[in-house]
Amino acid sequence: MTGARVGSALTDEQRAVRDLVREFAADEVRPTAREADETGAFPEDVWDGLAELGLAGLTVPEEYGGFDADETTYAVVNEELAHGSLAVATALSVHCLVTACLAEFATEPQRERWLPAMAEGRPVGAFCLSEPHAGSNPAAMATTAEHDPEADEYVLNGEKQWITNGSRAGVAVVFAKVDPDDPDSITQFLVPTDAEGFAVGPKEEKLGLRASDTTPITFDGCRVPAANRLTPEGRGLAAALEVLTGGRIGIAAQAVGVARAALEAAREYATEREGFGDRLSEVQSVRHKVAEMSTDVAAARLLVREAARKAEAGEDARVDAARAKYRASEVAMSTTNEAVQIHGGYGYTREYDVERFYRDAKVTEIYEGTTEIQKEVIARGVFDTR
Ligand SMILES: Cc1cc2nc3c(=O)[nH]c(=O)nc-3n(C[C@H](O)[C@H](O)[C@H](O)COP(=O)(O)OP(=O)(O)OC[C@H]3O[C@@H](n4cnc5c(N)ncnc54)[C@H](O)[C@@H]3O)c2cc1C
């Protein structure tokens with residue numbers, strides 16, 4: 001059987017990509033993760049390395065120099081990178097959301113201007129949807145984009161919050177209302193980060209994902225040409241939700257990657273550590289914990305693969321992506337928690353990586369739609385009220 005795909009099995013090509021990224025994550029990403037977490041500095045060398053592998057072009061069409069990965073490959077890359085560092089995987093997945101928006105909605109000259117360079121890793125992309133008072137409910141956003149007909153420009157004013165790659169980015173996809181009083185007027189814009197009136201705030205001090213760059217961004221009379229409007233007026237939110245289905249599959253895959261890293265760390269520690277005369281790996285309660293963790297990781301991965309398969313087949317994968325993200329992020333939390341427990345007191349120290357996995361895992365329940373929002377999406381699917 002060559003290249004054929006059975007159930008959730010990978011094709012030969014997908015397996016080759018997985019092995020390549022797994023090796024890169026083990027050799028180049030994981031060794032930098034602890035220091036990057038401690039200093040809070042994003043590892044730019046690692047970014048350049050992943051760009052050299054072509055990963056910055058994962059969601060860039062081939063004609064612009066990209067990889068144009070199918071959804072399963074996208075998920076596999078996210079799992080492997082997050083196994084090395086969730087901060088790096090997050091930076092890449094946000095960059096990929098931006099290139100996906102440009103590939104889907106930008107004009108031809110804009111695609112030619114931005115996509116080949118972004119496929120090579122620079123400029124980095126930022127996705128500016130959330131605001132201080134509008135996260136789960138983006139319709140409540142206050143950022144506006146007023147059309148100036150004389151200059152044929154839009155003038156952006158407002159503040160975005162929690163923007164990944166905030167200070168690293170050279171280009172941003174920004175959501176704003178063209179009519180401040182109309183929640184249905186959200187529109188998507190392409191904004192170079194050197195535009196006048198675009199300002200990046202200080203980095204957030206976070207519980208985990210500390211190497212990932214998360215900042216507020218303000219727009220103060222920031223002008224962009226009308227040609228930088230990526231969607232028709234009022235179509236911005238629907239467009240965001242379209243790319244976020246793929247994004248959520250990626251985050252779910254990242255959650256699997258962190259959970260797998262925690263499981264492996266627990267297995268290693270339990271194999272070495274002795275307690276009550278036995279190695280921990282021979283103590284039944286520890287063995288059962290590890291059995292549960294292993295089953296949870298495998299089950300979460302299956303949900304991710306099923307959502308990816310549906311998206312790849314062009315089917316509506318919104319509910320599947322929400323199920324995968326909800327369950328996989330919960331598994332990331334429970335698995336990292338048990339990994340700390342198996343390490344005992346050492347698990348609570350910086351000496352072992354499991355405390356970082358535990359701190360990092362939490363964010364997978366929050367960003368790109370909280371667990372509660374995923375459950376709403378799933379419930380709407382169950383009651384068929386989408
Ligand atoms: C590290 C990090 C990186 C991020 N990166 C980005 C980025 O690059 N770009 C970007 O645009 N955003 C980004 N975000 C923002 C993220 O997507 C939001 O934090 C998230 O959507 C939740 O919004 P909020 O923080 O305003 O919480 P809120 O919406 O205020 O929610 C607070 C709580 O109320 C619950 N809740 C709210 N509404 C409902 C409801 N209708 N039903 C049930 N429960 C509800 C939520 O589930 C949550 O538990 C990032 C966030 C973090 C922490």
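This is a predicted model: local features need pLDDT of at least 70, side-chain atom pairs count only at pLDDT 80 or more; totals for chains, interfaces and linings use all residues.
Local features need pLDDT of at least 70, side-chain atom pairs count only at pLDDT 80 or more, and totals for chains, interfaces and linings use all residues. Residues are numbered from 1 along each chain as its sequence is written.

**Exercise 1. State which residues and elements form the shell around the ligand, and where the ligand shell lies relative to the domains.**

Step 1. A residue is near a molecule if its C-beta atom, placed from the backbone, lies within 6 Å of it. The shell around the ligand has 22 residues, and Leu129, Gly135, Ser136, Thr370 and Glu372 come nearest.

Step 2. Helices (H or I, at least four residues) and strands (E, at least two) are DSSP runs, numbered from the N terminus. At least two shell residues come from each of β1 (124-128), β3 (153-164) and α10 (371-382).

Step 3. Ala, Val, Leu, Ile, Met, Phe, Trp, Tyr, Cys and Pro count as nonpolar, Asp, Glu, Lys and Arg as charged, and the others, Gly among them, as polar. On this division the shell has 11 nonpolar, 7 polar and 4 charged residues.

Step 4. Domain bounds come from an automatic or database domain assignment. Because domain 2 (126-236) and domain 3 (238-382) both give residues to the shell, it lies between them.

**Exercise 2. Describe the burial and pairing of β1.**

Step 1. A residue is buried if 20 or more other C-beta atoms lie within 10 Å of its own, exposed if 12 or fewer, and partly exposed in between, with C-beta atoms placed from the backbone. In β1, 5 of its 5 residues are buried.

Step 2. In a regular strand the side chains alternate between the two faces of the sheet. Val124, Ala126 and Cys128 lie on one side of β1 and Gly125 and Phe127 on the other, and both faces are covered.

Step 3. Two strands pair if DSSP finds at least two bridges between them. β1 pairs with β4 (residues 169-177) in the parallel sense over 5 bridges, and Val124 stands opposite Ala169 in β4.
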